[in-house]
Amino acid sequence: PASTLHTTHVTRPPPFRSPKMPPKKVVEEEKLGPWALGRFSSNLKVGLVGMPNVGKSTLYNALSNCSIPAENFPFCTIDPNSTRVHVPDDRFDWLVEHHKPKSVVQPFLEIVDIAGLVKGASTGAGLGNAFLSHIKAVDGILHVMRAFDDADVIHVEDRVDPVGDIDIITSELRIKDLEFMNSHREKMNKEAQRAAQNPQMAKAHKAEMETVLKIIAWLDSGKEIRNGMDQWGTGDIDHLNTYQLLTAKPVIYLVNLTSKDFKRKKNKWLVKIHEWVKEHGGGTIIPFSGSFEFELQVTPDDQKKQFQVDQEMQTVLPKIVKTAFAMIHLIYFFTAGSDEVKAWCIRKGYKAPQAAGAIHTDFERGFICAETMGFEDLKELGSEAECKAKGKYKQEGKTYVVHDGDVIFFKFNVTAQKKK
C-alpha cells in the first residue's frame, strides 16, 4: 500500500533565557506628596512664628487660655512657651455621649510660641540663633502677620507691611538652610576619600552628594524645600527627612486684623498676601482678629456664645487648631468603652502595630491583631454588637494602615520576646 506522507510543522524552540535574567520591569517611582516630608512620629508640634509684636503671644494666650507675658516689647518671649490645645471633634463628643465613660482624654495639638524673628536672624541678630533652633524643633509653622496700624504697638521694622514680613522670615529660614547644606557638603567632601574605599559606601556617598547639590541649587534659586515636591525622588526625601530643613516644614498663614476689618472681611493687605502665597507654592491663609479673640477669652464661659452673636463675629481658633493638626499630617484613632474614651494621635500612614505602640511599646512588640470598626459605621449602626452582626467589625493584621477615626481594640501578647 502506498504510504501516506504526513507534513509535520516543526516549531523552533524559543531561544534559551537564563532564569536569572527576567525582562527588566519598568518601575514607576511613587509620586510623593508633602505628607512624605517630616518626622514620622506621633509627638509632633507646631510653632507660632512671626516678627516681634504682630500678635503671636496674644493668639497663643487665646489658644491656650493661659497667661504668659505678652507685653509690648520685642523679644519678651525668650524661651518658647508650649501648650497642648484640644482639637475639636464631633466624633469624639459622640463617643463620650454614647459610652458615658469614667475617664475622657481629648485629642490635642501641641503649640509653641516662638520669640519674634528680626532681619539678620540667620547671622544671629536679635535672638536669631535661639529662634532658629526653636523652629527646627517644631514640625509645622503657623506664620502670624500683622495687617493693621497701631501707634501703641511698635513694629520692629518701624512700618506695617505683612508681605515684607513674610519675605524677611522666609528668606532668613532659607539662608539658614543654605548655610546648613553648604556645611554638610564640606563635611561630605572631607569624607569622600574614606567612602571611596568601600564600593557600597562610595555608591551611597555619590547618591547623597547628588541630593545635596540638588537641594543647594534649589535653595540658591530662592525657593523653599516644601515647594519642590515634583523635584524630590524617594532617595532625596529620605535625606531631606534626616536634614530636617526649616523650609521643608509646612506653613499656614495667619493674618491678624482689627475687629472692624475682621467683621467686614476686608483689608487692603489680604489680596497682596494672597498673591505672595500663590507665587510661593500656595498654602492656607486664615484671617483672625487678635483683639476680638482676646476679648472673647476674658468673657465668662456662659456668655461667650452670646458675645459672638452680639459682635456678629465667630472665633476662628477651632479652625486654626484643626487646620494645623491636619497640616502636620496627624490623624487619630479612638479607644472607647465604659471605662475610658481616648483619642490617640498618630502620624498619617501608620500601620496597626505602630499605632498600638502609641499606647504602649509592649502593644507594638507583642502585637497580634487590631479589631477595628470605622467611626461612621459605629455611629450608623449604633453599637459594637451591630457592627459585628453586619460584618463591619474586622480583625486586621500587621499591614493594616490605620484610618482617621478608626475605633480600635488591640490584641497583644506581652510575653513575646523582643527581636534581637
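Buried, on this tour, means under 20% relative accessible area, with exposed over 50% and partly exposed in between (1.4 Å probe, protein chains only). The model is predicted, so local features need pLDDT of at least 70 and side-chain atom pairs count only at pLDDT 80 or more, while totals for chains, interfaces and linings use all residues. Residues are numbered from 1 along each chain as its sequence is written, and side-chain values use heavy atoms, with hydrogens and water left out.

Start by selecting Tyr332, which is buried at a relative accessible area of 3%. Rings of Phe, Tyr and Trp (its six-membered ring) pair if their centres lie within 6.5 Å; planes under 30 degrees apart are stacked, over 60 edge-to-face, and the rest tilted. That rule gives 13 aromatic pairs here. Phe325 and Tyr332 make an edge-to-face pair, 5.1 Å centre to centre with 65 degrees between the planes. Bring in Phe92 and Phe334 as well, and you have one aromatic cluster with Phe325 and Tyr332.

Next, select Phe367 and Phe410. Their ring centres are 6.3 Å apart and their planes meet at 65 degrees, so this pair is edge-to-face. Phe367 belongs to strand E10 (residues 367–374) and Phe410 to strand E12 (residues 406–412), so the pair links parts of the chain 43 residues apart; strands are DSSP runs of at least two residues (E), numbered from the N terminus. Both Phe367 and Phe410 are buried.

Finish with two charges over rings (NZ of Lys or CZ of Arg within 6 Å of the ring centre and within 35 degrees of the ring normal). Select Lys136 to find its charged end over the ring of Phe180, 4.4 Å from the centre. Then pick Arg146, which lies over the face of Phe148, 5.1 Å from the ring centre.

Definitions and conventions: Helices (H or I, at least four residues) and strands (E, at least two) are DSSP runs, numbered from the N terminus.
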